[in-house]
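Trainee: Could we go through this structure together, step by step, so that each conclusion rests on a computed value?

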Amino acid sequence: MSCGLPRSLDADADATMPAITLSHAAHAYRRGSLWQKGRGERLIELAGVRRGELVLDLGCGTGGLTQQLAELVGPGGRVVGIDPDEARIALARDTAVAPNLEFQVGTAEALGDIARDRPVDLVFSNFVFHWIRDKRAVLRQLRGMLHPAGRIVVQCVSSLPVLVAELSHLADPSGEKILRDFAFEDAAALAHHVEGAGLQLIRLEEQQGTHVYPTLDALLTWWRATTHDRFDPRAIEPAALARFAEQHGEGGAFPVHETFCWFEARIAPAPAWGRRG
Ligand SMILES: C[S@@+](CC[C@H](N)C(=O)[O-])C[C@H]1O[C@@H](n2cnc3c(N)ncnc32)[C@H](O)[C@@H]1O
């Protein structure tokens with residue numbers, strides 16, 4: 001069955017995976033991604049959302065942040081949430097209900113005519129760009145649908161957290177395949193893509209953060225859900241998992257140290273050809 005993921009995610013998916021498993025993964029993702037949600041709420045503050053705006057939430061996942069955006073734009077505005085994961089979109093549609101809110105299954109690489117009647121005031125994207133391989137092409141596409149005074153606000157992970165890399169390697173071969181799907185890039189590379197896409201970088205910050213999973217099970221469940229059920233902890237030898245727990249557990253908890261970036265970009269002003277002086 002196709003779960004509507006980008007080709008890179010879908011290529012190795014288990015053809016017999018039942019819908020119930022994917023739906024379970026979507027629920028598990030929502031429960032286990034509180035750190036990402038907190039960072040997303042901070043990004044919403046930084047985005048300065050105004051009433052009446054049209055907002056695109058790119059890679060909206062299960063729609064928790066999309067709903068907050070819809071409350072901020074109010075009844076005169078509109079928010080469109082897009083994500084390739086059909087199960088996450090189904091959960092978003094069930095739980096984030098508002099007349100000014102709409103969810104679509106789709107990818108950043110093929111957005112189509114989502115905004116229809118008007119340009120987008122704000123593109124918001126929380127923890128998605130590290131899945132996108134050709135960031136410059138996507139940014140160029142977003143620029144094309146942006147209002148001349150609009151902005152793009154993005155937060156993403158810059159590099160693979162060491163703990164997660166180690167865990168994934170233990171689950172070879174599923175873990176190895178998952179790591180190939182990510183497209184981490186640091187702040188300097190992101191800045192380069194922004195400018196290459198005809199955008200002006202307004203702000204960019206790289207930061208460190210730590211999310212703590214209270215048990216090994218919580219860590220495994222989160223990483224499995226984040227990877228759309230593709231990381232399979234059952235592939236890890238019990239003895240190797242015990243060694244991992246002993247080495248990385250801190251009083252039974254597992255801290256994941258992450259380097260992440262956020263930036264704001266706008267359409268670059270046209271060059272002032274022929275200006276005197
Ligand atoms: C870490 S989740 C973040 C979800 C949501 N933005 C949030 O903060 O709760 C990343 C999301 O990006 C989506 N995603 C992955 N590749 C994508 C692509 N090429 N285009 C759009 N979304 C993508 C995934 O399906 C997933 O729901």
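Mentor: Let us start with one side-chain pair: in this predicted model, glutamate 41 and lysine 37 meet through their side chains in a salt bridge, with 3.2 Å from N to O.

Trainee: How many residues apart are glutamate 41 and lysine 37 in helix α3?

Mentor: Both residues belong to helix α3, which covers residues 34-47.

Trainee: Is lysine 37 buried, partly exposed or exposed?

Mentor: The cut-offs to apply are under 20% for buried and over 50% for exposed, with partly exposed in between. Glutamate 41, its partner in the salt bridge, has 27% relative accessibility and counts as partly exposed. With a relative accessible area of 37%, lysine 37 is partly exposed.

Trainee: Which parts of the chain does the salt bridge of glutamate 185 and lysine 135 tie together?

Mentor: The side chains of glutamate 185 and lysine 135 meet at 3.1 Å, N to O. The parts that this pair ties together are 50 residues apart in sequence, because glutamate 185 lies in the loop between α8 (174-181) and α9 (187-196), and lysine 135 in helix α6 (residues 135-145). Lysine 135 itself is buried, at a relative accessible area of 2%. The parts asked for are thus the loop between α8 and α9 and helix α6.

Trainee: In the salt bridge of glutamate 264 and arginine 266, which residue counts as buried?

Mentor: The two side chains meet at 3.0 Å, N to O. Arginine 266 has a relative accessible area of 29% and is partly exposed. At 5% relative accessibility, the residue that counts as buried is glutamate 264.

Trainee: How many salt bridges does the count come to?

Mentor: The rule asks for a side-chain nitrogen of Lys or Arg within 4 Å of a carboxyl oxygen of Asp or Glu. Salt bridges also link Arg50, Glu53 and Arg151 in a network. By this rule the count comes to 12.

Trainee: Turning to helix packing, at roughly what angle do the axes of helix α7 and helix α10 cross?

Mentor: Two packed helices are described by the distance between their axes and by the angle between those axes. Here the axes of α7 (residues 162-170) and α10 (residues 216-226) come within 12 Å. The two helices are therefore roughly perpendicular to each other, and the angle at which their axes cross is roughly 85°.

Trainee: Which residues in α10 are met by residues in α7, and what is the make-up of the contact by class?

Mentor: From α7, the residues taking part are Leu163, Val164, Leu167 and Ser168, and they meet Leu219, Leu220, Trp222 and Trp223 in α10. By class, the contact of α7 with α10 has 7 nonpolar, 1 polar and no charged residues.

Trainee: How many aromatic pairs does the structure hold, and what is the angle between the planes of tryptophan 222 and tryptophan 223?

Mentor: The structure holds 10 aromatic pairs. Among them, tryptophan 222 and tryptophan 223 form a tilted pair, with 5.4 Å centre to centre and 45° between the planes. Tryptophan 222 is buried, with a relative accessible area of 4%, and tryptophan 223 likewise counts as buried, at 4% relative accessibility. The angle asked for is 45°.

Trainee: Where does asparagine 100 lie, and which residues are in contact with asparagine 100 beyond its neighbours within four places in sequence?

Mentor: Asparagine 100 is placed in the loop between α5 (86-95) and β3 (101-105). At a relative accessible area of 9%, asparagine 100 is buried. Leaving aside its neighbours within four places in sequence, its contacts are Ala70, Val73, Gly74, Pro75, Gly77, Arg78 and Val79.

Trainee: For the protein chain as a whole, what percentage of the residues count as buried?

Mentor: The chain has 11 helices and 7 strands. Of its 277 residues, the share that count as buried is 52%.

Definitions and conventions: Residues are numbered from 1 along each chain as its sequence is written. This is a predicted model: local features need pLDDT of at least 70, side-chain atom pairs count only at pLDDT 80 or more; totals for chains, interfaces and linings use all residues. Side-chain values use heavy atoms; hydrogens and water are left out. Axes are lines fitted to C-alpha atoms, for helices over the stretch in contact, and angles run from 0 to 180 degrees between N-to-C directions. Angles under 35 degrees count as roughly parallel, over 145 as roughly antiparallel, 65 to 115 as roughly perpendicular and the rest as oblique. Contact means heavy atoms within 4.5 Å. Ala, Val, Leu, Ile, Met, Phe, Trp, Tyr, Cys and Pro count as nonpolar, Asp, Glu, Lys and Arg as charged, and the others, Gly among them, as polar. Buried means under 20% relative accessible area, exposed over 50%, partly exposed in between (1.4 Å probe, protein chains only). Rings of Phe, Tyr and Trp (its six-membered ring) pair if their centres lie within 6.5 Å; planes under 30 degrees apart count as stacked, over 60 as edge-to-face and the rest as tilted.
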